[in-house]
Amino acid sequence: MLRKFRADAGLQSRRRRLVVWLLLAGAALRILLIWFPRTYDPDTSTYAELGTNLLRHGVYGLQHGGVIVPSLIRLPGYPIFLALFAGHFHLMLLAQAAIDLYGCWLVYLFAARNISERAGDVALGLGALCIFTAAYAATGLAESLSIFAVSLGIYSFGELQRSAARSELANFSRLLRSVLPLAAAAALALLLRPDGLLLFGAILIGLLWYGRDFRRRTALVSCLFAALALSPLVPWTVRNWRVFHVVQPLAPEYANNPGERVDYGFIRWFKTWAVEFSSTGNIYWNLDSDIFDIGDLPPRAFDSAAQYAQTAALFDRYNEHELMTPELDAKFGQLADERIAANPVRYYFWLPMLRVADMWLRPRTEAFNLDVFWWWWGQHPWQSAAAIALGLLNLAYLAAAAAGAALRRVPWLIFMVSYVALRCALLALMPAPEQRYTLEAYPIVILLAGAFLAGQAAKTLRR
């Protein structure tokens, strides 16, 4: 008995040391990425200006002609977070990296308590050393905190279910204490990005699906969660109504203020052929800022020689002033209607599915100063090799996660699969593919992959 006790104590000591070393390695990785910064995203300046103007001048808006004009193009969560650091950008990145690492710790706790200690160790290793999420922890964008919100949601959902299984939700105070962290995760996601609504929806689906664990209190738990999660959006919605006279509880789809024109015709035309991230950079982001090059369009952008000539003429008209006018936008819309009518299955099914696949499977070059045309091996062999390595690493994470889901090695799988399915459905509707839009699902990918790899390790040890 004493020998077994000492063996167990030694095993726990080794596991604690492993956890510490993994956290230190994760911290070192994030500090290294902060020390060697990557591509600067202009959205960071927008977030910072919105938050600074709110805290210093009491106006949530952007400067135009020396005047701060109110805006609703971005939700207030991340701008306020940036403004709290008063321009100390690297200090903000360090805080963001610490929050990201804490999210890895929450996923570890979920796995260790609900799957196995080995699964927790593997999940912590996959999360702390995941270069994809760590890269955005070292970037001034809302993705990192959004990833943390999902991690917090996973952990809090598990704790709520564990409390229900132990019959600890009998009185309202205990119920409130259990639901509050879950609602906080959803509220944080909603205040950061419009797609935070997906976490809210997935949690609600999970609460209703596994409601039997609440012993006839499903409706109360679900309503309490919804009320707490949505309540932070009330001041934002009221403000938008008072300032703009619109009902806008989230940010607009195309980040436009009320009254600002959106080039719907051009966007619809872009969706009739766009699949790759390179098309987003070469065409979509160039709108009203740079010329269009007909050579950047793939063959699927044209159904005939006449359509090629029509597209080239529209490009020439746009390139004269690098400006999309309402008349020109209408012409692009007519071209889009023609292409959609000729092949609706392509527009409504195949292209959205290919865009989703591109966002999940394409090497994540956007955060590492790697050429978007990563397959041009002759021009930059080292960048191509790095991109291929990143792509294979991403595939390994996804393959292990798919195996973990197929083998049902994670509890409350409906909640997690619902989130991934909702995110894929949203991505299918988006016109411009970007790999970073899948990162919010990575805590679930890491958890599923950790459960699968831990299970395989246990099988090997038993043999």
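This report describes the overall build of one predicted chain and then a few of its residues.

## Basis of the model

The model is predicted, so local features need pLDDT of at least 70 and side-chain atom pairs count only at pLDDT 80 or more, whereas totals for chains, interfaces and linings use all residues. Residues are numbered from 1 along each chain as its sequence is written, and side-chain values use heavy atoms, with hydrogens and water left out.

## Overall build

The chain holds 19 helices and two strands, where helices (H or I, at least four residues) and strands (E, at least two) are DSSP runs numbered from the N terminus. Its radius of gyration is 24 Å, close to the 23 Å that the globule rule gives for 463 residues, so the chain is as compact as a globular protein of that length; the radius is taken over C-alpha atoms, and the rule is 2.2 Å times the number of residues to the power 0.38. Along the principal axes, the C-alpha atoms fill a box of roughly 85 × 55 × 45 Å.

Of the 463 residues, 51% are buried, a class defined as under 20% relative accessible area, with exposed meaning over 50% and partly exposed lying in between (1.4 Å probe, protein chains only). Among contacts (heavy atoms within 4.5 Å) between residues at least 6 apart in sequence, 74% join residues at least 24 apart.

## Surface and charge

The mean positions of the 42 positive and 33 negative charges are 19 Å apart. In this count Lys and Arg are positive and Asp and Glu negative, while His and the chain ends are not counted, and each charge is placed at NZ of Lys, CZ of Arg, CG of Asp or CD of Glu.

Strand S1 (residues 61-64) pairs with strand S2 (residues 67-70) in the antiparallel sense over four bridges, pairing being assigned if DSSP finds at least two bridges between two strands. Gly61 has Pro70 in S2 as its bridge partner, and in the hairpin, which has two residues between the strands, Gly65 takes a positive phi near 65°.

Asn53 belongs to helix H2 (residues 42-57) and is buried, with a relative accessible area of 6%. Leaving aside residues up to four places away in sequence, Asn53 touches Gly58, Val59, Gly61, Leu62, Gln63 and Ile68.

## Loop residues

His245 is located in the loop between helix H11 (233-244) and helix H12 (264-271), and its phi is near 60°, a positive value in a residue other than glycine. Ala255, in the loop between H11 and H12, has a positive phi of about 50° although it is not a glycine. His245 counts as exposed at 56% relative accessibility, whereas Ala255 counts as partly exposed at 28%.

Pro433, in the loop between helix H18 (413-429) and helix H19 (442-462), is buried, with a relative accessible area of 0%. Not counting residues up to four places away in sequence, Pro433 touches Val275, Glu276, Phe277, Thr280, Arg355, Asp358 and Met359. Its C-alpha atom is separated by 37 Å from that of Arg113, which is 320 residues away along the chain.
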